[in-house]
Amino acid sequence: MSVSSGVDVIAPLTEPEVRRIRGDFPILGAQVQGHPLIYLDSAATSQRPISVLNTERDFAASLNSAVHRGAHTLAAEATELFEDARAAVARFVGAADDEIVWTSNATEAINLVAYSMSNASLGRGGAAAERFRLREGDEIVTTEMEHHANLIPWQELAARTGATLRVIPLDDNGALRLDAAAELITARTKLVAFTHVSNVLGVVNPTEHLVSLAREVGALTLLDACQSVPHLPLDVRALDVDFAVISGHKMLGPTGIGALYGRREVLAAMPPFLTGGSMITTVTTTEAEYLPPPQRFEAGTQRVSQAIALAAAVGYLTGVGMPRIAAHEAVFGRRLVDGLQQIDGVRVLGADIDLPRVGLASFDVAGIHSHDVGQFLDDRGIAVRVGHHCAQPLHRRLGVTASTRASTYLYTTEAEVDAVIDGVAEAIKFFRRGL
């Protein structure tokens, strides 16, 4: 299924359904600054339902044990739950069980790929790792809209190997220039790394087009799916990417857990990044042999309770239905953009990009710093994000140093979206009275 298919024909969540969902999230009943909490910062970290909170607590209380290491009952049961969690996440993104590698977050997952390519460039991995080796004259391609996590690792990899980093530019609206992408992705390109959904613009990038350009020249592809997998149906095999990364805390799960999807045959050819216990078969004092993926990339004690809780989060999202969540997000994303655009002095970044979007809008208020806007909203119980959102090149390209970001999720109500729009209008009146 295409990630955007069904969004226009499947009904969004109804208000009664959203109210029932909100009842599963204890924090949404909190008070902030004497006001009911309006949480519009889910793009940074989503809230967790009671089922996820209970899953992690119950494991710690009754089954806490190291996995893959013990013959006793607790270890066996913990290992079974741990691997069941891997299978659940794999099904959720359309992968096979052995194509999911646990990491601490998406940033670590991207660095895993970068350092594996670096190790291959030093000769590790033998003939099978040839496609990962970078030399002077080879190129890595990313985009001007990336989160720093999908930019800096490639800067460092280029510096270590002598490869060249190329960046697909944006047009004046903030959309990727696909004409430039076609020129930049060449026979010298070894990897194309790009975001599925921009964490600043909220737009769904034309993944199939970029993957097709990479396939034509034999380049690997890495998809940053942090802002898509919580909000859209995702099938990594249908998208035909070689790698994809996700972060649990953005999809109702706990912090400290993420995952790397890697195509089975690609993972099998990669040399390891972190080394130590649990990822080996035979060790002598001079050399070691490594397990096949995914365990090859999971050295040391793993994030057991977090992985099991992430599986509970995946189960919750599946129960609600990702197509309906996507429809809900599409409606609220458009409501945010349209409402904010109508306020004099407000510029919504990427508002004119003609692509599907999730429930996210970043905006600049003329003459008022984003931190001041955020503080004004916080005084009214409205939680938003302020700053450059770890995307300085994108902000610089659009002529701003920072923005205020409001982001919705399946538990967001129409009244909350309207509250942030009204709050921004009030903030402008408040600050302009002082000028």
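The model is a predicted one, in which local features need pLDDT of at least 70, side-chain atom pairs count only at pLDDT 80 or more, and totals for chains, interfaces and linings use all residues. Residues are numbered from 1 along each chain as its sequence is written, and side-chain values use heavy atoms, with hydrogens and water left out.

Strands here are DSSP runs of E with at least two residues, and helices are runs of H or I with at least four, numbered from the N terminus; two strands pair if DSSP finds at least two bridges between them. Strand β8 (residues 220-224) pairs with β9 in the parallel sense over three bridges, and Leu-222 has Phe-243 as its bridge partner in β9. Strand β10 (residues 258-262) runs antiparallel to β9 and is joined to it by five bridges. Phe-243 has Gly-262 as its bridge partner in β10.

These strands belong to an open sheet of seven, with mixed pairing and the order β4-β10-β9-β8-β7-β5-β6. At the edges stand β4 (100-103) and β6 (164-168), each with a single partner strand, so one side of each is left without a neighbour in the sheet. Neighbouring strands are turned by 20° against each other on average, direction ignored. Helix α4 (residues 106-121) packs on this sheet, touching β4, β7, β8, β9 and β10, where contact means heavy atoms within 4.5 Å. The direction of α4 makes about 150° with that of β9; axes are lines fitted to C-alpha atoms, for helices over the stretch in contact, and angles run from 0 to 180 degrees between N-to-C directions.

Attention now turns to helix α12. Within α12, Ser-370, Val-373, Gly-374, Phe-376 and Leu-377 are buried. Seen down the helix axis, these buried residues fall within an arc of 160°, taken from the directions from the axis to the C-beta atoms, so they line one face of the helix. Their cover includes β14 (360-365), β15 (382-383), β16 (385-387), β17 (403-407) and α14.

The axes of α12 (residues 370-378) and α14 (residues 414-433) come within 9 Å and cross at roughly 115°. Asp-372, Phe-376 and Leu-377 in α12 meet residues of α14 including Val-420, Glu-426 and Phe-430.

Key: Buried means under 20% relative accessible area, exposed over 50%, partly exposed in between (1.4 Å probe, protein chains only).
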